[in-house]
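Here is a short report on one model. Please have the sequence and the coordinates open while reading.

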Amino acid sequence: MKSDLENILGFKVEATENPDFGDYTSNVAMTEYRKLAIATESHVPGGKKPGIIWSSKPGKQWNNTKDYAEYLITGFRENKELKKYIEKIEVAGSGFINFWIKKDVLVDNLIQISKQKEKYGSTDIGKGKRVVIDYSSPNIAKPFGIGHLRSTIIGAALYNLYKELGYEVVGDNHLGDWGTQFGKLLYMIDREKLTDFNIEKLEALYVEFHKLAMEDESLEEKARNWFKKLEEGDTDAKKIWKKCVDVSLTEFDRIYDMLDVKIDFAFGESYYESEMQGMMRDTAIQKHLSVGEDGAKIVNLEKFGIKTPLMFLKSDGATTYATRDLATLKFRERKWNPDIIIYEVGAEQTLHFQQVFAAAKFLGIVGKDVTLVHTAHGLYLAPDGKKFSTRKGKTIKLEEVLEEAINRAKKLGNSGEKVASEVGIGAIKYYDLMHAVTSNVVFDWEKMMNLEGNSGPYLQYTVARTNSVIAKSEPNSERFEASGLNEGELLILRALIKFNEVLVESATKYSPNLLCNYLYDLAQKFNAYYNSNRIIGSDNQNFRLVLTSGVSQVLKNGLRILGIKTPEKM
RNA sequence: GCCCUCGUAGCUUAAUGGAUAGAGUUCCUGUCUUCGGAACAGGCUGUGGAGGUUCGAUUCCUCCCGAGGGCACCA
């Protein structure tokens, strides 16, 4: 709808929030005014701020932006193409051009929903384009903490959004299964002569290491040596490392199961060992490396405005996180040849990704036309507003949060285990997704488990309610009278037609919270309508049933994209 | 010290240059002997401070105050 309008008009329109201003609005008259005013300044006697706009056509002028807007829409009112969609065009305020969609179009759209069902909202604007999304990416040997929730949930939502728009989407879980952290663990396991361990023990060892390292600085050095051994292929080190990985993966799978998240690939950092070897021998890359303090090899990025150089190889020759990310990019470029690569990773790594992206293009690892995105999501902060610290063992385990959510949902209703799980998990997911990606989220049990107001369960409840109404009397979208629509019905129809535009905006701005806002707004409009309009038994029963069914369908589609289940009853 | 992000109602927050700053929650008042009350309607309270750009600023620029994150051999 939006793009149809823009094609006809030749300028951009925005959806309006306020129905008094129509369905779409354009500020083109005001923005053009500025350009015209500057362009014609010399023609205007005496002022920097001309009150009169002069046309390039001789003899033509407008007194203000509103006049100019009126001029712009001359012709639009009689435009046949436009008339198919638009019933009214008005100039308002200081020159806004507002458009009202025809009621017939709104009603046709409702019929489309009943025809397209779960496909309603999808498009093919991404056809032929490929997106790689790097998300979740927990660290091996550490429990799956609350910190990885955002990446997992937002990443999964972006995955679904791009898929809905016709993109070919690849999800890759970039497991943190390599690096000096394993040196630390290997050192501790060797020190305590352990042969068997679980994930809790690994976490304890990690915390213990940092405690000891506070008193003995040489420990960091020892850990680096152990990692170096691992990277050189020491069989004992490798054996212990493998066990750490296996123990962790079992744990993660359980969490993904609870969250109902599936990720296409999980290559993990260790997968890129050979790729890194290749990069180190690559002469084209070699010539861009400089030698830093103590013999470390670095990539200087000052010409890209980044003061901190990228550490390519440590002074002992071992690789770093950045080396592995460059190797990963090389691999992804070769394997998938993507148009966009999205890193759904926290804001704390902003500098790192600036370095990696700049270096990747500079070193020719990826093409210049690949869009590299770091979503830089905000973090879950402890209730005191501080960051949770893995090193000090101050984490909240995601599994405990999820279990608590399910328990709270269970207490509320007499519905079964499955529904309680869908509601509890839905609440957690929605709470995460409703926040703007970049904002920090304070961890607060009461708010996360909120089941009223703007929450996942509110939306699920609305769907269950529509299901219940439809179950009582089947809507017939083949034939119905749509005359005499009341205000509530029009509000809902207008919201329904904008679903696809919201999906496009959510995806292109990497902001699932926009979809959350939309769905909540739609549910609220429906609930208000439901409260003051009888559906079954009204004169307009069939239309109202089709409308209810349309709302139900869009809510289901939207929630499915967000990764939130919609129980039939709850 | 330098860099990035942020500061909106008591609390949690939405709005990336537009029109009367939108919600949730808390507190107060109603609707309803429910086509599912996990609902609906109403009330109270808000853009950290000072300048600037603009027809128009929560949004862009400068400074100040405050918070969070980061600053080559952690990831």
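Predicted model: local features only at pLDDT ≥ 70, side-chain atom pairs only at ≥ 80, totals over all residues.

**The four-stranded sheet**

Four strands form an open sheet in the order S1-S2-S6-S5. The pairing is antiparallel. Strand S1 (14-15) and strand S5 (86-92) are the edge strands, and each pairs on one side only.

Strand S6 (residues 96-101) pairs with strand S2 (residues 24-26) over three bridges, in the antiparallel sense. S6 is joined to S5 by six bridges, again antiparallel. Thr 25 stands opposite Asn 98. Glu 90 also stands opposite Asn 98.

S5 and S6 make a hairpin, with three residues between them. Gly 93 sits in that turn and has a positive phi of about 55°.

How enclosed is S6 by the rest of the structure? Five of its six residues are buried, so S6 is largely enclosed. A residue counts as buried here when 20 or more other C-beta atoms lie within 10 Å of its own.

Most residues other than glycine have a negative phi. Lys 117 has a positive value although it is not a glycine. Lys 193 likewise has a positive phi and is not a glycine. Both cases are set out below.

| Residue | Phi | Loop | Other C-beta atoms within 10 Å |
|---|---|---|---|
| Lys 117 | about 50° | between helix H5 (103-116) and strand S7 (130-134) | 12 |
| Lys 193 | about 50° | between helix H7 (180-191) and helix H8 (199-215) | 6 |

Are these lysines buried or exposed? The cut-off for exposed is 12 or fewer such atoms. Lys 117 has 12, so Lys 117 is exposed. Lys 193 has 6 and therefore counts as exposed.

**Around RNA strand B**

RNA strand B is surrounded by 80 residues. The closest are Gly 179, Lys 314, Ala 436, Gly 453 and Ser 468. Which element gives the most to this surface? Helix H18 (residues 456-472) does, with eight residues.

The residues of the surface near RNA strand B comprise 34 polar, 28 nonpolar and 18 charged.

Definitions and conventions. Residues numbered from 1 in each chain as written. Chains lettered and ligands numbered in written order. Near = placed C-beta within 6 Å. Helix = DSSP H or I, 4+ residues; strand = E, 2+ residues; numbered from the N terminus. Nonpolar A, V, L, I, M, F, W, Y, C, P; charged D, E, K, R; others polar. Pairing = 2+ DSSP bridges.
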